[in-house]
Amino acid sequence: LPLLLKATLLHLASGSYRPFYNGFYYNHIMNDNDDGQDKVDYFSGSRLVVETSKDPVYSYNGANVTLPCHFRYEPDLGPKRKIRIKWSKLRDDYTKEQDVMVAIGKTYMAFGDFKGRAHLHQASRHEASLVISDVRLKDDGKYRCEVIDGLEDESEVVDLRLQGIVFPYQPPRGQYRLNFHEAEQVCQDQGAILANFNQLFQAWSEGLDWCNAGWLADGTVQYPIRLPRKPCGGVHLAPGIRSYGPRHRHLHRFDAFCFSSALKGEVFYLDRLAGMTLEEAKQSCQDAGGAEIARVGQLYSAWKFLGLDRCSAGWLADGSVRYPIVTPRANCGPAEPGVRSFGFPSKGRFGVFCYRER
């Protein structure tokens, strides 16, 4: 009964209805040297303060990143017993949290996609920083560092942002053919994920102007406009992100805004004198040291992060034909840098862009 009472108190003190779950509950046996006597937690007279980075922490796909978190007591009354640390990933609307890791002392447990990738960095007694290895595209977002000492519970949030690129995507069937779930899948098929609003806003601030509405990761439909014009919300509206708001995820159909980050490998171009069909292009990549035909997200990433510049059209895995231009020049499309598209030709012979892991 005393242990049950104490577990209930810890449950209430955590600041949420379910502070720890997935089978990883705490009690004082894990926290203290148990002498067989029940213990009672009292307020120590010092205030617990948790601090994280006020600025976003930037990383990229495949990297390792540390999200800083430190805590202290005011006033500091000397050595404390082992505290509990919980890291969670927040939704954009703060309505739900995803467990990342919980720890006490040197004992910790990571959850879900973070198993084997998340651990604490504790270079000092008051550090609770989170290390995420092999960063993935969907790791982008806000993380809560929560420190619990008895009945005291304080937390702060740190923002992890992946360096990447947002690109609009239409399937071979044409404009406005994707419901939300299909949009998620086509982005994944192109080595990307659905972009969130912050990523789209960053792309708009860097010059993205696109008049077709597309799904975002939160189920809203939006599009970025740099140059106001009649078909894109009207000439009298200021530049910005136009929003249709949340749409029905099954019934409504739009394009998609996908997000891709830096690459672990390289994209390169192959060609033959007479060009290649799509099937011949796929085989040529395999013959080139076990490479694979590049996906759209990989081409965009190579263009932005690796400076890939090629004024020759090439096949991609989705059956589209595109080419990347860093330095605009005659006979290579518009006067702005970008990835040019020939659409999805049903026939024709072109070169191919291949992708190979380093």
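These legends go with a set of close-up views of one predicted model.

**View 1. The whole chain, by confidence.** Mean pLDDT for the protein chain comes out at 87, with 85% of its residues at 70 or more. Residues 1-43 are another story: pLDDT stays under 50 there. The model still has 63 contacts beyond four places in sequence for that stretch.

**View 2. Helix H4 and what covers it.** H4 spans residues 197-205, and its buried residues are Gln199, Leu200, Ala203 and Trp204. Looking down the axis of H4, these buried residues fall within an arc of 140 degrees, so they line one face of the helix. Their cover includes a run of strands: S12 (164-169), S13 (193-194), S15 (220-225), S16 (240-246) and S17 (255-261).

View 3. At the N-terminal end, asparagine 196 does the capping, with a side-chain oxygen 3.2 Å from the backbone nitrogen of asparagine 198. Just after the helix comes glycine 207, which takes a positive phi of about 120 degrees.

View 4. Tyr176, Phe180, Trp215, Tyr223, Tyr244 and Phe254 make up one aromatic cluster. Phenylalanine 180 also has arginine 249 lying over its face, at 4.3 Å from the ring centre.

View 5. Phenylalanine 71 has a relative accessible area of 5%, so it counts as buried. Tyrosine 73 is buried as well, at 5% relative accessibility.

**View 6. Glycine 307 in its loop.** Glycine 307 belongs to the loop that runs between helix H6 (296-305) and strand S20 (314-315). Its relative accessible area is 41%, so this glycine counts as partly exposed. Setting aside neighbours within four places in sequence, glycine 307 is in contact with Ala302 and Val326. Proline 324 is 17 residues away from glycine 307 in sequence, and their C-alpha atoms are 8.9 Å apart in space.

How values were computed:
Residues numbered from 1 in each chain as written. Predicted model: local features only at pLDDT ≥ 70, side-chain atom pairs only at ≥ 80, totals over all residues. Heavy atoms only, no water. Helix = DSSP H or I, 4+ residues; strand = E, 2+ residues; numbered from the N terminus. Buried < 20%, exposed > 50% of the residue type's maximum accessible area, 1.4 Å probe, protein only. Contact = heavy atoms within 4.5 Å. pLDDT = per-residue confidence, 0-100. Arc of directions from axis to C-beta. Polar contact = N/O pair within 3.5 Å; in protein donor to acceptor, adjacent residues only side chain to side chain. Phe/Tyr/Trp six-rings, centres within 6.5 Å; stacked < 30°, edge-to-face > 60°. Lys NZ or Arg CZ within 6 Å of the ring centre and 35° of its normal.
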